[in-house]
Amino acid sequence: MLSKKERMKIPRQAMPEQAPEDRIHNFNEVPYGYTAELARLEADRCLQCNKPKCIDGCPVNIDIPGFIALIQEGKFIEAAQKLKEENALPAICGRVCPQEEQCEVKCVTGVKGDPVAIGRLERFAADYERANGEVAMPELQPKTGKLVGIIGAGPAGLTVAGDLIKLGHDVTVFEALHAPGGVLMYGIPEFRMPKEVVRAEVDYLEKLGVTFVMDYVVGRNSTVRELLDNEGFHAVFIGSGAGLPSFMGVPGENLVGVYSANEYLTRANLMKAYRFPEYDTPPIRRERVAVIGGGNVAMDSARTALRLGGDVTVVYRRAREQMPARDEEIHHAEEEGIEFKLLNNPIRILGDENHRVTSMECIRMELGEPDDSGRRRPVPVKGSEFIMEVDTVVVAIGNKPNPLIPQTMPELKLTRWGTIVVDEHTMQTSEEGVYAGGDIVSGAATVILAMGQGKIAAQSMDHYLRTGKNPEPPPPPDSGTPAA
Amino acid sequence: MFKILHKQEVAPNVHEIVIEAPAIAKKAQPGQFLILMADEKSERVPYTLSDWDADTGAVTLIVLEAGHSSRKLILMEPGDQIEHVVGPLGVPLEIGHHGTVALAAGCYGIGAILSIARAMRKARNRVIAIVEARSHYLHYYEDQLREVSDELIQTTIDGSEGIKGHAVDVIKKRLEDGEQLDLVVVVGCPFMMMLTGRETEPHKVRTLVALNPIMVDGTGMCGACRVSVSGEMKFACVDGPFFDAHAVDWDELWDRKAAYSQEEIQSVERTEPVVPLRPGSRTDTL
């Protein structure tokens, strides 16, 4: 048994990864993941606090010290099962959660040194279980005879499905696209989220008894109301995502060669355009690509463009410190040779006589007073316009909620941004028996926030299905005591 | 998986494909479209619905053999399974009482106006169906259209059948002769839709065109199908497919439609059937 002091002496273990000069030529996953030795070494850094703060930082309340203790003991499969008690999709969260601002930021070893690499350990345990034999099935509660419809097979919907099937309900997930996974499938690239991992997580839910219906557009094939009134569903969860790309509203945005990040990434990821012509969808393979935006989606687009053989520049109107992308993603992008033009804003896109993009005019920005988000507002520098030669522009400035379900359910209450209004304690919408979560509620957020909302929704849906009522609101949070 | 119930070449390179898709047939309305993928590696390509039967669950499409994706579909036989069919997508055409409705169509649009004509007539409109083709042998659905319209006019560009010229020539002449048209709906290639709009505009006849730009998901998610209408950005998949012909930016539409022509040529050279060909099936296209 290591002493606390000995544990704190172990440095945070890096995850081996593909070298930048290799990985820019392939779509394989960048980090290889921990080996068993590295995982145990990293796990030994965990002090097993009496009152672990890391759990408070986790939107889905994973027993973090619990699963890490099992890794310390070399019980990797058991560690994966421990994770799955609270999180049906650990292989996904281990890869794309922003742990640095959730669990890891609260880790006490991070006060003086580096926090325990919780995300990497989560990924290790889940990958180990998948690679080593049969994935264990949890015990399912007795069937309740209640049927739940879930709209959208993305992170929120998959979470609700996993929780409710375990609680004994029958679950059908409707997906409009031809493959389940939502943003994990169409948005996040293979090199960051291997599709095989998504497939395995979906297979696991299918084995638990969840029914997946692809090619089914709720709002068109059935409305939410029809699911409830005519098709035998006792409750419905809407997790339809942020499905309508925003554009900048500058001249030239409809030129050939301007893409939403959604389209750019969907072609590459869901349609596997990078394997054209083996797959039929053509990729967007150009020489000089500008990606507009500073979030994870912008980083994903830029790194995809790079792998398709382009010179890539990220154009972002604020400064580096204000980029919403994870540091790790920005770091990977920089390592791979992507250029960053920060504090620059596109003002128009120019094209040739065939309406094809030839260049983009930008203006330099400087930081002014803080805006509503607390970030200093970028303001244009007069007379600093300049032209960048580009043949492709990818607009990655966010999404608006997809209107298909609200349009076909006029009674559903919406915010003025078009997102669905929910009670945050239950995730119930304005309509009884109808719950919602993920980006259709929060706008454009993260996979784990969608999953966290899915978990809350699943709990209240379970209560509703059993009692006909939502759970009582929780008591006001107590002040709490600091962890050891 | 969606079974092909029936397939027939109704004119050279024009195929009627009937697919078993009950969830679509139950909800389809005139003017909507489907997205098909012949197999898992296919592109997602939109096709306008021609007809459907909610009782049997069958939906009918007219597929023009135009490129790699349509060719893959056409090489399939009754009994084969299409991997993915999704729909009905798009905002249905508003079927109401308008008065006299002229439906102008060419190529796949001839099939697409079948259900529109039927619904318009049921709504007590006087329906004139005007269908154009290069030559007499390229016309199809004559009997079907005659049954659901008050008047069927066929035109051929070479004059081998019906009126010599284009559908737009018929509309132009009728408007010049003082006939009142209350609504014109055009389904066909962009050029035909643009020209028709240009002729109806001075007569202030409301003209709706069914736009068919490149799409990927078809549910509003990707924005590939954006078009400028009255200077505003619209998505053909969720705001359309029908738009005011007089407000569409046609130049932009064309150029966006041609964005992948090089890649399309590359694909066509490599078309392979989804299901290996059997004796008696079409091999001449390979």
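Visitor: Which residue does A:Lys455 form a salt bridge with?
Guide: A:Glu86 is the partner, and the closest N and O atoms of the pair are 3.1 Å apart. Keep in mind that this is a predicted model.

Visitor: How many salt bridges are there between domain 1 and domain 2 of chain A?
Guide: The count there is one salt bridge.

Visitor: Back up a bit. Where do the domains of chain A run?
Guide: The assignment gives domain 1 as 4-131, domain 2 as 147-243 + 401-467, and domain 3 as 247-397. The C-alpha centres of domain 1 and domain 2 of chain A are separated by 27 Å. Their contact takes 23 residues from domain 1 and 24 residues from domain 2.

Visitor: How much area do those two bury between them?
Guide: About 2000 Å², with 72% of it on carbon and sulfur atoms. On the domain 1 side, A:Leu89, A:Ile92 and A:Val96 supply 28% of the area buried against domain 2 of chain A, more than any other three residues.

Visitor: OK, new topic. How many residues of chain A are in contact with chain B?
Guide: 44 residues of chain A are in contact with 49 residues of chain B. The two chains bury about 3900 Å² between them, and 53% of that is on carbon and sulfur atoms.

Visitor: What does A:Asp280 form a salt bridge with?
Guide: B:Lys72, with the closest N and O atoms 2.5 Å apart. Across the interface of chain A and chain B there are four salt bridges, along with 21 residue pairs in polar contact, both residues at pLDDT 80 or more.

Visitor: Which elements of chain A supply at least two residues to the side touching chain B?
Guide: Strand 5 (244-245), strand 6 (258-260) and helix 14 (261-268) of chain A. Helix 14 has the largest share, four residues. By class, that side of chain A has 19 nonpolar, 13 polar and 12 charged residues.

Visitor: I'm looking at B:Ser42 now. Where is it found?
Guide: B:Ser42 sits in the loop between strand 3 (33-37) and strand 4 (45-53) of chain B.

Visitor: Is B:Ser42 buried or exposed, and why?
Guide: Buried, because its relative accessible area is 3%, and the cut-off for buried is under 20%.

Visitor: What is B:Ser42 in contact with, leaving aside its neighbours within four places in sequence?
Guide: Its contacts are A:Met271, A:Asp280, A:Thr281, B:Met37 and B:Lys72.

Visitor: Last one, chain B itself. How is it divided?
Guide: Into domain 1 (2-89) and domain 2 (100-257). The C-alpha centres of these domains of chain B lie 21 Å apart, and the contact takes 20 residues from domain 1 and 24 residues from domain 2. They bury about 1800 Å² between them, 63% of it on carbon and sulfur atoms.

Visitor: How many salt bridges between those two domains of chain B?
Guide: One salt bridge is the count. B:Arg118 forms a salt bridge with B:Asp51, where the closest N and O atoms are 3.0 Å apart.

Definitions and conventions
Residues numbered from 1 in each chain as written. Chains lettered and ligands numbered in written order. Predicted model: local features only at pLDDT ≥ 70, side-chain atom pairs only at ≥ 80, totals over all residues. Heavy atoms only, no water. Domains from an automatic or database assignment. Contact = heavy atoms within 4.5 Å. Buried area = accessible area lost by both parts, 1.4 Å probe. Salt bridge = Lys/Arg side-chain N within 4 Å of Asp/Glu carboxyl O. Buried < 20%, exposed > 50% of the residue type's maximum accessible area, 1.4 Å probe, protein only. Polar contact = N/O pair within 3.5 Å; in protein donor to acceptor, adjacent residues only side chain to side chain. Nonpolar A, V, L, I, M, F, W, Y, C, P; charged D, E, K, R; others polar.
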